[in-house]
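Subject: The structure you asked about

Hello,

Here is the structure, ready for you to open next to your own notes.

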Amino acid sequence: MKKLLICMFAAVLSIAAAPAYANEVHHQTADNQKSYSAKGVVVAVDSASSKVKLKHDAVPELKWQAMTMFFNVADKSLLESVKTGVQVEFKFIKVDGGGPLITHIKTLK
Ligand SMILES: [Cu+2]
């Protein structure tokens, strides 16, 4: 009986830990590549072509200044919870011959 209780407790713990990831949209590709993080404000969302226009803060690692530009996103579903005017935190990789590609994006409160 005691063993069963411990088991149930472990199950409850694992369920409780899950919501920490719930509001962060994940995409698994390229997790082994160098990625960069930045914050910005959403200027426009173009789900049809998997693009988002962001007014982003500076990215010192890349010597980027703050600016407004389009980013490609790895998957349309990343844009489901993204709306014009909201503040976001995002991660992107640089694709050879392409532009920056967003792999993670989440809305900040
Ligand atoms: Cu830029």
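Two notes on how to read the rest. Residues are numbered from 1 along each chain as its sequence is written. This is a predicted model, in which local features need pLDDT of at least 70, side-chain atom pairs count only at pLDDT 80 or more, and totals for chains, interfaces and linings use all residues.

**Confidence**

The predictor's confidence in each residue is given as pLDDT, from 0 to 100. Its mean for the protein chain is 82, with 71% of the residues at 70 or more. Among the elements, β2 has the highest mean pLDDT (98), and helix α1 (residues 2-17) has the lowest (55). Please be careful with residues 18-31, where pLDDT stays under 50. For that stretch the model has 19 contacts beyond four places in sequence.

**Overall layout**

Helices (H or I, at least four residues) and strands (E, at least two) are DSSP runs, numbered from the N terminus. The protein chain has one helix and five strands, in the order α-β-β-β-β-β from the N terminus on. Of the contacts between residues at least 6 apart in sequence, 52% join residues at least 24 apart.

**Strand pairing**

Strands pair if DSSP finds at least two bridges between them. Strand β1 (residues 36-46) runs antiparallel to β4, and six bridges join them; Y36 has F92 in β4 as its bridge partner. Six bridges also join β1 to strand β2 (residues 51-56), again antiparallel, and here A44 is partnered by K53 in β2.

β1 and β2 form a hairpin with four residues between them. S50, in that turn, has a positive phi of about 55°. K63, in the loop between β2 and β3, also has a positive phi, of about 60°, although it is not a glycine.

**Buried and exposed**

A residue is buried if 20 or more other C-beta atoms lie within 10 Å of its own, exposed if 12 or fewer, and partly exposed in between, with C-beta atoms placed from the backbone. Of the 109 residues of the protein chain, 17% count as buried.

Why does H56 count as buried? Because H56 has 22 C-beta neighbours inside 10 Å. H56 lies in strand β2 and, leaving aside its neighbours within four places in sequence, is in contact with A38, G40, A66 and M67. K63 is exposed because 7 other C-beta atoms lie within 10 Å, while S50 counts as partly exposed because it has 17 C-beta neighbours inside 10 Å.

S81 is found in the loop between β3 (67-73) and β4 (87-94). S81 is partly exposed, because 14 other C-beta atoms lie within 10 Å. S81 and T107 are 26 residues apart in sequence, yet 7.6 Å apart in space, C-alpha to C-alpha.

**The core**

A nonpolar core is a set of buried Ala, Val, Leu, Ile, Met, Phe, Trp, Tyr and Cys residues joined through C-beta atoms within 7 Å. The largest one has 14 residues, of which V52, V82, F90, I102 and I105 touch the most other members. β1, β2, β4 and β5 (100-107) each supply at least two residues of this core.

Best wishes

Terms used. Two residues are in contact if their C-beta atoms, placed from the backbone, lie within 7 Å.
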